[in-house]
Amino acid sequence: MTSTPDREAYGVRSSSERNVEETTTGTPAQRMPTPADSLDVLLVEDDAGDELIIRESFEANEIGSTLHVVRDGAEALDFLYRRGAHAGAVRPALVLLDLNLPKYDGWQVLEAVKSDPDLASIPVVVLTTSTAEEDVVRSYRLRANAYVSKSVDFDRFVATVRHIDRFFVHMVRLPGR
């Protein structure tokens, strides 16, 4: 098979070319995360069981990212605005946001983040038990970057968290990285 200028210009490789490269270098999904790969992830989750599953997902998948956890919408905003007990908080590269939260619900947090020019560039993944279409639509109208329903199956939930991490660590370019 001969190469065309378009194929070369766009870096398109044949499957045999990709297989050679992946054998020698490993795909992003196969290689171990490095410190440069790690993210500061803010998990906004009031359910201790879901928090535990997400923590275990990070550990089981050898996710190199640092997980910061807050338990309600008010604490999430304090963390993001670095005030009160969270005055020294890091700026997260990613927010995993439950919708059903005490004090301020997930939609209020999402609206605050996406309407603030200093925070709007932080990707927010809504990670919730709801599969309701109106929740999906409302989240995207408020400019969520993704909407993911939590699986009740442990293995599927772990896989979901792994896919979120791999996508944001290995596939997309985030601001400031």
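**View A. Helices H3 and H7 are oblique to each other.** Angles under 35 degrees would count as roughly parallel, over 145 as roughly antiparallel and 65 to 115 as roughly perpendicular, with the rest classed as oblique. The model is predicted: local features require pLDDT of at least 70 and side-chain atom pairs count only at pLDDT 80 or more, whereas totals for chains, interfaces and linings use all residues. Residues are numbered from 1 along each chain as its sequence is written, and side-chain values use heavy atoms, with hydrogens and water left out. The axes of H3 and H7 cross at roughly 60° and come within 9 Å; axes are lines fitted to C-alpha atoms, for helices over the stretch in contact, and angles run from 0 to 180 degrees between N-to-C directions. The crossing of H3 past H7 is right-handed, a term for a near helix turned clockwise from the far one by less than a right angle, with anticlockwise giving a left-handed crossing.

**View B. Residues of H3 and H7 form the contact between the two helices.** Contact denotes heavy atoms within 4.5 Å. H3 contributes Asp-50, Ile-53, Ile-54, Glu-56, Ser-57 and Phe-58, and H7 contributes Phe-154, Phe-157, Val-158 and Val-161. Of the residues in this contact, seven are nonpolar, one is polar and two are charged (nonpolar: Ala, Val, Leu, Ile, Met, Phe, Trp, Tyr, Cys and Pro; charged: Asp, Glu, Lys and Arg; polar: the others, Gly among them). Val-158, in helix H7, is buried, with a relative accessible area of 9%. Buried means under 20% relative accessible area, exposed over 50% and partly exposed in between, for a 1.4 Å probe and protein chains only. Val-158 and Ile-53 stand 7.2 Å apart in space, C-alpha to C-alpha, although 105 residues separate them in sequence.

**View C. Lys-150 forms salt bridges with Glu-45 and with Asp-98.** A salt bridge places a side-chain nitrogen of Lys or Arg within 4 Å of a carboxyl oxygen of Asp or Glu. Between Glu-45 and Lys-150 the N to O distance is 2.5 Å. Glu-45 belongs to the loop between strand S1 (40–44) and helix H3 (48–60), and Lys-150 to the loop between strand S5 (146–149) and helix H7 (154–171), so this pair ties together parts that are 105 residues apart in sequence. Both Glu-45 and Lys-150 are buried. Between Asp-98 and Lys-150 the N to O distance is 3.9 Å. Asp-98 lies in the loop between strand S3 (94–97) and helix H5 (106–115), 52 residues from Lys-150, and the pair links distant parts of the chain. Both of these residues, Asp-98 and Lys-150, are buried. Through shared partners, salt bridges join Glu-45, Asp-50, Asp-98 and Lys-150 into one network.

**View D. Glu-51 and Arg-55 form a salt bridge in helix H3.** The N to O distance is 2.8 Å. Glu-51 is buried at 8% relative accessibility, whereas Arg-55 is partly exposed at 34%.

**View E. The chain contains seven helices and five strands.** Helices (H or I, at least four residues) and strands (E, at least two) are DSSP runs, numbered from the N terminus. From the N terminus on, their order is α-α-β-α-β-α-β-α-β-α-β-α. Of the 177 residues, 42% are buried. Among contacts with a separation of 6 or more, 65% involve residues 24 or more positions apart. The chain has seven salt bridges.
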